[in-house]
Amino acid sequence: MSRKLLVYGRPGCPMVPYARDYLDRVNIRYDYVDIYQDQQARERVRQINRGYESVPTIIFPDGSTLTEPTARELEAKLKEAGIRFSPP
């Protein structure tokens, strides 16, 4: 199991930079995948989101997911997953 988060996104989505910026500010390591450049990633996002290409879709080390989260939802999920960070 990976210890990093996996962030799926695509160009032009206004929520993707927001989520990535939040993770950067709280020093969380993650891998980013552009679903327009990776067909398998695109299909995985569709599978997770019932056919929709909703991004950002974030995969946590335990396999759980979060789609289009607010900062509060992302912070709560990081805490729930036991991922240490310093809130901004």
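A charge is taken to sit over a ring if NZ of Lys or CZ of Arg is within 6 Å of the ring centre and within 35 degrees of the ring normal. In the predicted model described here, local features need pLDDT of at least 70 and side-chain atom pairs count only at pLDDT 80 or more, whereas totals for chains, interfaces and linings use all residues. Residues are numbered from 1 along each chain as its sequence is written, and side-chain values use heavy atoms, with hydrogens and water left out.

The charged end of R20 sits over the ring of Y32, 3.9 Å from its centre. K77 lies over the face of F60, at 5.4 Å from the ring centre. Zero aromatic pairs are found in a search of the whole structure, where rings of Phe, Tyr and Trp (its six-membered ring) pair if their centres lie within 6.5 Å.

An open sheet is formed by four strands in the order β2-β1-β3-β4, with mixed pairing. Its edge strands, each pairing on one side only, are β2 (30–34) and β4. On average, neighbouring strands of this sheet are turned by 20 degrees against each other, direction ignored; the axes are lines fitted to C-alpha atoms. Strands are DSSP runs (E, at least two residues) numbered from the N terminus, and two strands pair if DSSP finds at least two bridges between them. Strand β1 (residues 5–9) pairs with β3 in the antiparallel sense over three bridges, and V7 stands opposite I58 in β3.

S64 is located in the loop between β3 (57–59) and β4 (65–67). This residue is buried, with a relative accessible area of 19%; buried means under 20% relative accessible area, with a 1.4 Å probe and protein chains only. Not counting residues up to four places away in sequence, S64 touches I58, I59 and K77, contact being defined as heavy atoms within 4.5 Å.

The side chain of S64 makes a polar contact of 2.6 Å with that of D62 and another of 2.9 Å with that of K77. A polar contact is a pair of N or O atoms within 3.5 Å; within protein, one must be able to donate a hydrogen and the other to accept it, and residues adjacent in sequence count only if both atoms are side-chain atoms. S64 and K77 are 13 residues apart along the chain, and their C-alpha atoms are separated by 9.5 Å.

Terms used: Buried means under 20% relative accessible area, exposed over 50%, partly exposed in between (1.4 Å probe, protein chains only). Rings of Phe, Tyr and Trp (its six-membered ring) pair if their centres lie within 6.5 Å; planes under 30 degrees apart count as stacked, over 60 as edge-to-face and the rest as tilted. Axes are lines fitted to C-alpha atoms, for helices over the stretch in contact, and angles run from 0 to 180 degrees between N-to-C directions.
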